[in-house]
Structures are given as structure tokens and as C-alpha cells.
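Welcome! Let us take a friendly walk through one protein, from its inside to its surface.

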Amino acid sequence: MLEGEAGGFNGDPNQTVADYLTTWLETKAYVLKPTTLARYRDYVTGDLIPALGTLKLNELGHRHIAGFVHTQLAAGRGQVTVYRCLATLSSALGDAVRQHRLTHNPARPAVLPRPAAAERRIWTAEEAARFLRYCHHADPLISDLCELLIGTGMRKGEALALHWHDVHLNQGVLHVRYTLSAINNARLVITSPKTRSSKDWIAISPRVAAALTRRAADAPQSALANRSDDPFTGLVFCRPDSHPLRPQTVLDRFRRRAKEAGVPRITLHDLRHLAATLSITAGTPLTVVSKTLRHSTLSTTANLYSPLTQQAAHDAVDAIDTALTQADPTADSHPHWPAWLQPRRDHPNGHRARLTLPYFAAPAAISPSASTPQGVHATTTPHNTKKAALPSLEKRPPTCENAGRDDRI
């Protein structure tokens with residue numbers, strides 16, 4: 001009980017769910033990112049407390065939570081929203097169990113299964129090239145931003161929080177140290193990246209170097225040489241007044257340009273999946289793709305792109321079969337398979353050829369185990385690029401959890 005009280009939990013058997021969730025939010029404010037805390041607060045104050053707040057915490061049961069779910073779904077709430085609301089409640093009750101405030105978590109087993117992820121529409125290389133060609137003239141900032149997202153697999157927030165002193169064109173690398181996001185689509189904050197492994201370096205291809213060089217040419221000298229403690233200054237992608245770009249405004253501009261270019265409607269995060277798709281189908285080892293995307297584990301990459309890795313597995317065993325067949329001249333190179341045993345393919349044979357176009361530079365050779373860049377060389381002929389001399393980092397701007405601006409583009 002003392003441990004629970006030290007963690008901010010009240011051992012009073014008459015404590016209500018509303019009191020407990022309010023206290024829980026106060027304790028989580030010290031460990032959660034501002035955007036995550038804001039989302040939790042919305043679910044707690046807007047959904048959970050109005051529906052379950054009057055119940056005593058010790059009396060909260062699985063039937064109450066099931067009734068809440070059925071009521072929400074009957075009222076027309078989306079399954080994804082209700083599931084996330086339940087996940088917040090389960091996290092709060094799980095903390096109560098760990099602090100010996102409850103003997104079990106009444107939100108387990110989950111009342112609502114995790115909704116299946118929506119199928120993503122990924123651009124082909126031709127569609128990406130068409131969009132970039134159009135945007136290069138119609139909206140150079142969005143064009144250069146998308147070159148960076150496709151060419152590196154960075155997340156949108158990481159690209160919008162990229163500082164000039166983290167870009168080293170002469171070394172062919174950039175460092176991911178921050179991410180920019182908006183709390184309730186209003187107040188901007190710059191925090192650390194999504195995971196610990198996300199904070200790493202990324203190799204720069206000639207196309208990405210050209211895009212960053214164009215940005216450097218348009219940036220004021222004060223931004224390139226800025227060593228201010230303000231994390232909102234010295235950004236690579238920013239407004240003309242050097243203020244940060246709002247994520248929603250960037251998405252709106254991106255979709256408007258995509259419509260004008262005649263390519264399918266997607267999200268900016270889908271460009272990260274496009275980067276992975278182009279790399280895997282070009283034959284890049286999965287370990288290198290995982291390192292470039294900065295996933296926490298290799299299994300994360302394999303699970304996200306299992307259809308592509310299945311094709312790679314077929315190619316691997318086919319290569320073994322071909323080698324053995326060529327080594328044995330007496331072997332039948334065309335076995336007669338029964339119809340039920342015919343090998344199946346998840347992708348047509350032309351899938352790889354369609355994605356590996358000379359328009360995109362091949363990924364750089366990276367040692368997955370190395371902690372420093374190994375040297376970056378493209379295997380295709382890029383645009384003629386003059387590398388900008390950018391200052392190296394001596395002093396990093398500190399992470400700002402609560403700073404924000406209300407300026408709009």
C-alpha cells in the first residue's frame with residue numbers, strides 16, 4: 001500500500017474511477033510525451049469519466065467496461081477510437097495492478113479486439129516520379145520534403161524537426177535527433193523521436209543531397225549558422241519567417257499537389273512505406289532496410305513488409321534450386337508438378353522490374369553493426385549536385401517538451 005501511495009495512488013476503498021484516473025493522469029505527465037498525454041486526457045475526460053467515473057474503483061468490473069463499449073459502438077463511434085479509449089483505460093488499470101491498488105485488471109481480456117489495419121495504397125515508382133517532377137515546379141518546398149521522406153524513410157515529424165547542424169552533406173549523412181508534432185492540432189512541440197533506436201544517423205543519397213542543397217540555397221545564413229538554444233530555430237523545412245511548419249498544413253499541401261499531379265491520394269507516412277518497398281524489392285538486405293528505417297527490431301521490419309519478404313524467400317530457394325540443377329546435368333530442370341502442388345507466387349514476376357527504376361538512386365551500403373557511417377556511394381548517375389558547406393554540430397539544441405508556437409502558415 002505504501003508503494004502505491006508513493007506512486008500517487010490512493011488506497012481508499014471508496015475511491016472512484018474518476019478520482020483514480022485523474023490522479024493517474026497527473027503522475028503520467030512526468031513520463032509521457034505531451035502529444036501522448038493530450039490524447040490520454042481527451043479519452044479520460046471526454047469518454048471514460050463520464051461513463052464510468054461514478055463507480056468505485058474496486059467495483060469496476062469487466063461487465064461495466066463491456067457495457068461502455070457496446071454503448072459507444074451503438075452511438076456510432078468508430079472501432080479504432082473505442083479501441084484506443086479502451087487501451088488508455090487498460091494502461092491506467094494495469095498501473096493500479098502493478099502498484100498493488102487492484103488485484104487484477106478488469107479491462108483484460110480486451111472486450112474489443114484490435115481493429116485490422118487499413119490496407120495502404122503505396123505509390124509506384126512511376127507515380128512518385130510524376131509527383132516529384134510536378135512539385136519541383138509547383139511547390140519546391142513540398143518536393144524537397146518528399147525527396148527526403150522517400151529517399152531516407154524518415155517519419156514526417158522527424159523531417160519537420162530536422163536542423164541544419166544535423167545535416168552533413170560533405171559526409172553524406174544526417175542525424176535524427178528530434179520530432180515535431182502538434183498537440184490537439186494547435187500547439188507545436190519538439191520532442192525526442194518515437195523510439196530509442198529512432199535517434200540515429202541516416203545515409204544521404206545524391207537525390208536527397210540535391211534537395212537539401214536547394215533548401216540551403218533558400219535558407220537565410222542565420223538559420224544555417226544558428227546555434228541558439230531555441231529548438232524552433234535553424235530548421236531545414238520552415239516557413240519564410242523561419243517559424244516551423246504545421247504538420248496538418250503540410251499534409252493539406254501535399255494532398256493538394258498530389259491531386260494536381262494526378263496521383264492517388266495517400267498520407268505522408270505512406271512515403272516511408274514507399275521507401276521500404278523500393279529498397280526491399282531492389283534486393284537490399286532486410287537488415288540494412290531495418291537499420292535505415294531505424295526500427296527497434298528486425299522482426300518489426302519483417303512483419304510490416306511480410307508480402308515482400310515472402311517473395312524474397314521464394315527467390316532464395318529458387319536460387320538454390322537453380323544452382324543444384326546446373327551442377328547436375330542429369331537432373332530434370334522442368335519437373336512435372338501435380339496441380340495441387342504447383343508453387344504459388346505472391347507477386348507477379350514484373351513487380352520487381354516495375355519498382356527498380358533508374359530514377360531512384362540505389363541505397364547506400366551500410367554496415368548494420370557499425371556505429372558510424374561507412375561511406376556513401378550511389379550506384380546510379382544522379383543529378384549534378386554541388387554540396388553545400390554546412391557547419392558541423394558543436395552544441396545541440398536541448399529538447400523542448402513544452403515550447404510551442406501558434407503561428408500558422
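## Some ground rules

A residue is called buried when its relative accessible area is under 20%, exposed when it is over 50%, and partly exposed in between, with a 1.4 Å probe and only protein chains counted. This is a predicted model, where local features need pLDDT of at least 70, side-chain atom pairs count only at pLDDT 80 or more, and totals for chains, interfaces and linings use all residues. Residues are numbered from 1 along each chain as its sequence is written, and side-chain values use heavy atoms, leaving out hydrogens and water.

Helices (H or I, at least four residues) and strands (E, at least two) are DSSP runs, numbered from the N terminus.

## The nonpolar cores

A nonpolar core is a set of buried Ala, Val, Leu, Ile, Met, Phe, Trp, Tyr and Cys residues joined through side-chain atoms within 4.5 Å. The largest one here has 49 residues, and W123, F131, L174, F254 and L271 have the most contacts inside it. Several elements supply at least two residues each, including α6 (125–138), β4 (187–191), α11 (247–261) and α12 (270–281). Helix α7 gives the most to this core, with seven residues.

What does L271 touch? Leaving aside residues up to four places away in sequence, L271 is in contact (heavy atoms within 4.5 Å) with W123, C146, L149, I150, F254 and I266. Apart from this core lies another, of 26 residues, with L25, L57, V82 and L89 among them.

## Cysteines

How many disulfides are there? A disulfide is a pair of cysteine sulfur atoms within 2.5 Å, and by this rule the count is zero. Take C146 as a case: the closest cysteine sulfur to its own is in C135, 6.3 Å away, which is too far for a bond.

C146 counts as buried, at 0% relative accessibility. C238 also counts as buried, with a value of 17%.

## Salt bridges

Side chains of opposite charge can pair when their charged atoms come close. The rule used here asks for a side-chain nitrogen of Lys or Arg within 4 Å of a carboxyl oxygen of Asp or Glu, and it gives 16 salt bridges. One of them joins D144 and R214, at 2.8 Å from N to O. D144 lies in helix α7 and R214 in helix α9, so this pair ties together parts that are 70 residues apart in sequence. D144 is buried, at 1% relative accessible area, whereas R214 is partly exposed, at 30%. Another salt bridge has R207 and E147 as its partners, at 2.6 Å from N to O. Here R207 belongs to helix α9 and E147 to helix α7, so the pair links parts 60 residues apart in sequence. Both R207 and E147 are buried.

D166 and R177 form a salt bridge too, with their closest N and O atoms 2.7 Å apart. D166 sits in the loop between α8 and β1 (167–168), and R177 in the loop between β2 (173–175) and β3 (179–183), so the pair ties together parts that are eleven residues apart in sequence. D166 counts as buried at 1% relative accessibility, and R177 counts as buried at 18%.

## Backbone details in the loops

Now look at the backbone. A cis peptide bond joins R108 and P109, with omega about 0°. P109 is found in the loop between α5 (79–98) and α6.

S242 is not a glycine, yet it has a positive phi of about 75°. S242 lies in the loop between α10 (221–224) and α11 and is partly exposed, at 26% relative accessible area. R294, also not a glycine, has a positive phi of about 60°. The loop between α13 (286–293) and α14 (298–304) holds R294, and this residue is buried, at 2%.

## A patch on the surface

Which residues form a nonpolar patch on the surface? They are V317, I320 and L324, with about 300 Å² of accessible area together. Patches are made of residues with over 30% relative accessible area and no salt bridge, with like charges joined within 9 Å and nonpolar side chains (Val, Leu, Ile, Met, Phe, Trp, Tyr) within 5 Å. Accessible areas come from the Shrake-Rupley method with a 1.4 Å probe, and for residues only the protein chains shown count as cover.

L324 has its place in helix α15 (residues 306–327). L324 is exposed, with a relative accessible area of 58%.
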